[in-house]
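Me: I want to go through part of this model with you. Have a look at it before we start.
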Amino acid sequence: MAAIEQASERVGVSADTLMENAGLAVAQAAREELGGAAGVRVVVLVGPGNNGADGLVAARRLRRWGAEVACCLLTRRPESDPKLELARQSGVDIISSPDLYWSFVVPLAALFDWGRKMFERGKVIREAQKARMMEKAHEEGRKEGRENAREEEQKRIREALEKHGVTLSPEVAEAVFGDSSQNAS
């Protein structure tokens, strides 16, 4: 991750912009999963470093969209933490306690359940995409099969006509074979 952040800095995308974008993406995903944010109660578990800052950004965004948000700081944040200060200013409740982590052992299990749901949702989407691809392949196969069957049937008709010395008018050949080449094979 540090390599990505350094490469981003070299092309003019600051670490702050990355954190804002990541936090926004998380907040949008949560809002979508919840069916909206207004009035929803959300707890964000905030760890150290930039990942914790991403969580603070997500909390701030959700608060702006009307959610009741509390951030539980599971580790110490830096003395000067602009993301923490912005979260406070936007009305996010900040909870910090050395014993806090142990009080969230059960909710952490719920986080894993949310991850499982997202995994299952992704799995369902992949299966639906695979089913659509298979259906498209089958349809292409059916179409190709129909075309091959039509060509085989036309060949049998042409052979029978030749065998019996029958010549078709251009109009009939057009209607039967889709061309006016009469009995041409």
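Reply: A term to begin with: two strands pair if DSSP finds at least two bridges between them. Helices (H or I, at least four residues) and strands (E, at least two) are DSSP runs, numbered from the N terminus.

Me: And the ground rules?
Reply: This is a predicted model, where local features need pLDDT of at least 70, side-chain atom pairs count only at pLDDT 80 or more, and totals for chains, interfaces and linings use all residues. Residues are numbered from 1 along each chain as its sequence is written, and side-chain values use heavy atoms, with hydrogens and water left out.

Me: How many bridges join E2 to strand E3, and do they run parallel or antiparallel?
Reply: E2 and E3 (residues 93-96) run parallel and are joined by 4 bridges. Cys 71 has Ile 94 in E3 as its bridge partner, and Ala 70 stands opposite Asp 93 in E3.

Me: Which way does the chain cross from E2 to E3?
Reply: Through H4, in a right-handed β-α-β crossover. Right-handed means that, with the strands pointing away from the viewer, the path from the first strand over the helix to the second runs clockwise.

Me: What about E1 and E2?
Reply: Strand E1 (residues 41-46) runs parallel to E2, with 6 bridges between them. The chain goes from E1 through helix H3 (residues 49-64) to E2, and that β-α-β crossover is right-handed.

Me: Is E2 mostly covered or open?
Reply: Mostly covered: in strand E2 (residues 68-73), 5 of the 6 residues are buried. Buried is under 20% relative accessible area, exposed over 50%, and partly exposed in between (1.4 Å probe, protein chains only).

Me: Back to H4. Which residues are buried there?
Reply: Lys 83, Leu 84 and Ala 87. They are on the same side of H4, because they cover an arc of only 100° around the axis. The arc is that of the directions from the helix axis to the C-beta atoms. Pro 82 and Gln 89, on the other side of H4, are exposed.

Me: Which helix gives the most to the lining of the second largest pocket?
Reply: Helix H4 (residues 82-89), with 3 residues. A pocket is an open set of points on a 1 Å grid over the protein atoms alone, where a 1.4 Å probe fits, with protein on both sides within 12 Å along at least five of seven lines; lining residues have an atom within 4 Å of a point.
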